[in-house]
Number of protein chains: 2
Amino acid sequence: MTQQTRLVEVRQKVLKQNDVVARELRQGFHDAGVLVVSLVSSPGSGKTYFLERILTDMAKRHRVAALVGDLATDNDAARLARSGAPVKQITTGTVCHLEAEMVRSALTDWIKPDVEILFIENVGNLVCPSSYDLGEDLRLVLMSVTEGEDKPLKYPTIFNTADVAVITKMDLAAAVEFDSNTAKASINSVRPGMTIFEVSAKTGKGMDDLLQLIESRYASAQSRRSVADVE
Amino acid sequence: MTQQTRLVEVRQKVLKQNDVVARELRQGFHDAGVLVVSLVSSPGSGKTYFLERILTDMAKRHRVAALVGDLATDNDAARLARSGAPVKQITTGTVCHLEAEMVRSALTDWIKPDVEILFIENVGNLVCPSSYDLGEDLRLVLMSVTEGEDKPLKYPTIFNTADVAVITKMDLAAAVEFDSNTAKASINSVRPGMTIFEVSAKTGKGMDDLLQLIESRYASAQSRRSVADVE
């Protein structure tokens, strides 16, 4: 057995264990009517600023909270906390993704049982997070206009394991000669029919549509719980 | 032993094997007087465009070649080949970094023994590539002005394992309100005294200084070989 093969085998075992924990988390969230939305992207695609805007807006209508993963520093938690929502940093050390167990540990004794929408900002990475289910209902993959239109072709797995694609920093689109049609064609070629949003968290353009999507998913999460309560 | 511990142990064995191959590669490059320069960064920080400009310029004076790693597609090799230099794509599948063995395999029966400067563009990732020595003499870590000034604080290892930092897309600095002093302070706090270049591959600004650095390193590589020949 080569070392590479052994590494793959151990990885598969870790993944299997992760899926067990993720399933338990998801069941717990469903039972409580909590919507969980996670964000994945390359470092620097604007996840934190985007999430800060979402938290600030949604906190007016909902009890929201956020977990944020990084290898080091709690800079992002400090930025997100400006929204007024409870925020907790998970520092992963050398690990390039969040795992379900890290989410479970972070939640223990932290947020109140009455939270309605929990956001999870993953470590900035277009490879590692794709294999780890965190028990979320909705996974957003972000790419910024500055990254190049062919990112989905180069990192197909992260787009295949997400539910919705969000193109960020649209305010810079003209400056970097971003070709929207090419970017959308790239996404569609790895994930035909994927829902795509184009937003600028800076100007607010396109953010309303995304907020509506989250609101409607939250309504579904609530109705799921109502049914469970009756049963 | 936890699964995480086991994973770490297997990883260490793989790394050890990588270091053996990297050492052999480095010795081979030194003996031949070849300078090897590698590039690491987040996806979308402009590595490929930056390298295309360097290859185009240096090909006028030197026999240059490039290896480029990506999970999927040979888009980057096609872009780099516009420089006229020999270019080979390494597709890594699900692996988020290049390894020394991939470099060795790619070189076998490929570039002529008379190549003078070999560039290696790693997979876009701020975590995985940091642990893998590829036998290079000079490792450049790139970060673009659009990524946020605190990237070095969040990804200290990739800055610690590189030799030189390059801040790219300086032509966008004003549009994204990039704070150069904060970015440099971030780099300095994880790697005091690190050499930092600020460039725009698009306008060419700052590129001359970098080309000079590579030229002077190439001269050193050549003189090393001359000494070896005499010995």
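Reader: Which residue is the bridge partner of A:A66 in β3(A)?

Author: In this predicted model, A:A66 is paired with A:V87 of β3(A). The strands β2(A) and β3(A) run parallel and are joined by five bridges.

Reader: And how many bridges join β2(A) to β4(A)?

Author: Five bridges link β2(A) and β4(A), which run parallel. Within β4(A), A:I120 stands opposite A:L67.

Reader: How many residues of β2(A) are buried?

Author: Seven of the seven are buried, so β2(A) is largely enclosed by the rest of the structure. A:V64, A:A66, A:V68 and A:D70 point one way from the strand, while A:A65, A:L67 and A:G69 point the other way. In a regular strand, side chains alternate between the two faces of the sheet.

Reader: What is the strand order of the sheet in chain A?

Author: The order is β3-β2-β4-β1-β5-β6-β7 in an open sheet of seven strands, with parallel pairing. From one strand to the next, the twist averages 20 degrees.

Reader: Which strands stand at the edges?

Author: Those are β3 (87-91) and β7 (195-198) of chain A. Each has a single partner strand, so one side of each is left without a neighbour in the sheet.

Reader: How many bridges are there between β1 and β5 of chain A?

Author: Strand β1 (residues 35-41) pairs with β5 (residues 138-144) of chain A in the parallel sense over five bridges. In that pairing, A:L39 has A:L140 of β5(A) as its bridge partner.

Reader: Turning to helices, which strands does α2 of chain A lie across?

Author: Helix α2 (residues 47-58) of chain A lies across β1, β2 (64-70), β4 (117-121), β5 and β6 (164-168) of that chain. The helix runs at about 170 degrees to β4(A).

Reader: And α4 of chain A, which strands does that helix lie across?

Author: Helix α4 (residues 100-107) of chain A lies across β2, β3 and β4 of chain A, at about 135 degrees to β3(A).

Reader: Which residues touch the most other members of the largest nonpolar core?

Author: They are A:A66, B:A66 and B:F119, in a core of 128 residues. Leaving aside neighbours within four places in sequence, B:F119 is in contact with B:V37, B:L39, B:L51, B:L55, B:V64 and B:A66.

Reader: Now the two chains. What rotation superposes chain B on chain A?

Author: A rotation of 180 degrees with 0.0 Å of shift along its axis does so, with an RMSD of 0.0 Å. That is the relation of a two-fold axis.

Reader: How many residues does each chain give to the contact?

Author: Chain A gives 37 residues and chain B gives 37 residues. On the chain B side, α1 (3-32), α5 (151-154) and α6 (156-160) are the elements that give two or more residues. The largest share of that side, eight residues, comes from α1(B). By type, the side of chain B that touches chain A has 16 nonpolar, 13 polar and eight charged residues.

Reader: Why can one say that the copies meet through the same surface?

Author: Because 100% of the interface residues of chain B are also interface residues in chain A.

Reader: One last topic: the backbone. What is the phi of A:E177?

Author: A:E177 has a positive phi of about 55 degrees, although this residue is not a glycine. Most residues other than glycine have a negative phi. A:E177 lies in the loop between β6 and α7 (180-190) of chain A.

Reader: Is A:E177 buried or exposed?

Author: A:E177 counts as exposed, with 8 C-beta neighbours inside 10 Å.

How values were computed: Residues are numbered from 1 along each chain as its sequence is written. Chains are lettered from A and ligands numbered from 1 in the order in which they are written. This is a predicted model: local features need pLDDT of at least 70, side-chain atom pairs count only at pLDDT 80 or more; totals for chains, interfaces and linings use all residues. Two residues are in contact if their C-beta atoms, placed from the backbone, lie within 7 Å. Helices (H or I, at least four residues) and strands (E, at least two) are DSSP runs, numbered from the N terminus. Ala, Val, Leu, Ile, Met, Phe, Trp, Tyr, Cys and Pro count as nonpolar, Asp, Glu, Lys and Arg as charged, and the others, Gly among them, as polar. Two strands pair if DSSP finds at least two bridges between them. Axes are lines fitted to C-alpha atoms, for helices over the stretch in contact, and angles run from 0 to 180 degrees between N-to-C directions. Copies are superposed by least squares on the C-alpha atoms of residues with pLDDT of at least 70 in both. A nonpolar core is a set of buried Ala, Val, Leu, Ile, Met, Phe, Trp, Tyr and Cys residues joined through C-beta atoms within 7 Å. A residue is buried if 20 or more other C-beta atoms lie within 10 Å of its own, exposed if 12 or fewer, and partly exposed in between; C-beta atoms are placed from the backbone.
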